[in-house]
Amino acid sequence: MKIPKRLQPLVDEGMVDEVLYQLMSGKEAQVFVVRCGDQVRCAKVYKEAQKRSFKQAVQYQEGRKVRNSRRARAMSKKTRYGQKEQEDAWLNAEVDALYRLAEAGVRVPEPFGFVDGVLLMEMIADGEGKAAPRLDDITLTPEQARSYHGKVIADVVRMLSAGLIHGDLSEFNVLVDATGPVIIDLPQAVNAAGNNSAERMLERDVDNMRRYFGCFAPELLTTDYGKEIWALYEAGDLHPDSQLTGCFEHDTESANVDELLDVIEAAKEEEWERQERLRDAEDDD
């Protein structure tokens, strides 16, 4: 196919030998399948900020560390330079998260480089060597649902043990290869220790997985891994190989009305975003 303009620099530098086809186009990026020597990989081309529909919400960026103090000061301002630095930090977040999580043993695509807003990474393939389907695109047996749910929850634990929360985990950003689920799409990855919304985001990620896998294995709907994982994390007792029960003893004290209203509003926003993802997925098809 014709080489997209954004991929031309990678071809010129010899990082990509051939662009084979476009795999998908989403709200934040386009993904192309490319040939690099004798390897088939993916090139994720991030859309420009004004063309992306995913909001760089403050709740995702809170707690992210910026090594350069000048950059940090610029990002806090609304200048053109500050906005560019904020955009660069957003794009680099996924690259940093992939390296960090791969080292922690989480099943994510292996990154191979990031050039001018293009992430070159491993292509997750099915048993026939074709691009692996999303979790949302397959039908599971109860046994598969239980197995895959266990693997995803184990990866959530490894992620949090490495200090990160996905922040947007759902059946739309989990691929399934020959050995099981692989987590993708991490530009919004959350710094667990420095983000006031971290607990809620972790529980939302886990609840999304409970809801989806529970469609195939209903007994999973009665589990409460999110609160259990966070309680262990807060107590300093969470480890990559922590054994979980799926049970959690809830606080029976009177609810804080303001907090409850915040939760309700957050749930409404999350449902709106979920519906938007569904519409995007239908458009991709």
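Predicted model: local features only at pLDDT ≥ 70, side-chain atom pairs only at ≥ 80, totals over all residues.
Two residues are in contact here when their heavy atoms lie within 4.5 Å. In it, A145, Y148, H149, V152, I153, V156 and L160 of helix 5 meet L202, V206, M209, R210 and F213 of helix 6. Helix 6 also packs against helix 7.

**Helix 5 with helix 6**

- Two packed helices are described by the angle between their axes and by the distance between those axes.
- For helix 5 (residues 142–161) and helix 6, the angle is about 170° and the axes are 10 Å apart.
- Angles over 145 degrees count as roughly antiparallel, so helix 5 is roughly antiparallel to helix 6.
- The residues in contact can be sorted by class: ten are nonpolar, one is polar and one is charged.

**Inside helix 5**

- Helix 5 has 20 residues, which should span 28 Å at 1.5 Å a residue. Its end C-alpha atoms are 28 Å apart, in agreement.
- Its buried residues are A145, Y148, H149, V152, I153, D155, V156, V157, M159 and L160.
- An α-helix has 3.6 residues a turn, so residues three or four places apart point the same way.

**Inside helix 6**

- The 17 residues of helix 6 should span 24 Å at 1.5 Å a residue. The distance between its end C-alpha atoms is 24 Å, which agrees.
- Is helix 6 largely enclosed by the rest of the structure, or largely open? Twelve of its 17 residues are buried, so helix 6 is largely enclosed.
- Those buried residues include charged ones by class: E203, R204 and D205.
- Also buried in helix 6 are A198, M201, L202, V206, N208, M209, Y212, F213 and G214.

**Helix 6 with helix 7**

- Helix 6 (residues 198–214) and helix 7 (residues 225–234) pack at about 140°, with axes 8 Å apart.
- The crossing of helix 6 past helix 7 is right-handed.
- On helix 6, the contact uses A198, E199, L202, E203 and V206. On helix 7, it uses Y225, G226, K227, I229 and W230.
- This contact has six nonpolar residues, one polar residue and three charged residues.

- P218 sits in the loop between helix 6 and helix 7.
- Is P218 buried or exposed? Exposed means over 50% relative accessible area, and P218 has 51%, so P218 is exposed.
- P218 and A145 are 73 residues apart in sequence, yet 9.7 Å apart in space, C-alpha to C-alpha.

Key:
Residues numbered from 1 in each chain as written. Heavy atoms only, no water. Axes fitted to C-alpha atoms, helices over the stretch in contact; angles between N-to-C directions. Helix = DSSP H or I, 4+ residues; strand = E, 2+ residues; numbered from the N terminus. Left-handed = near helix turned anticlockwise from the far one by under 90°. Parallel < 35°, antiparallel > 145°, perpendicular 65-115°, else oblique. Expected span 1.5 Å × (residues − 1). Buried < 20%, exposed > 50% of the residue type's maximum accessible area, 1.4 Å probe, protein only.
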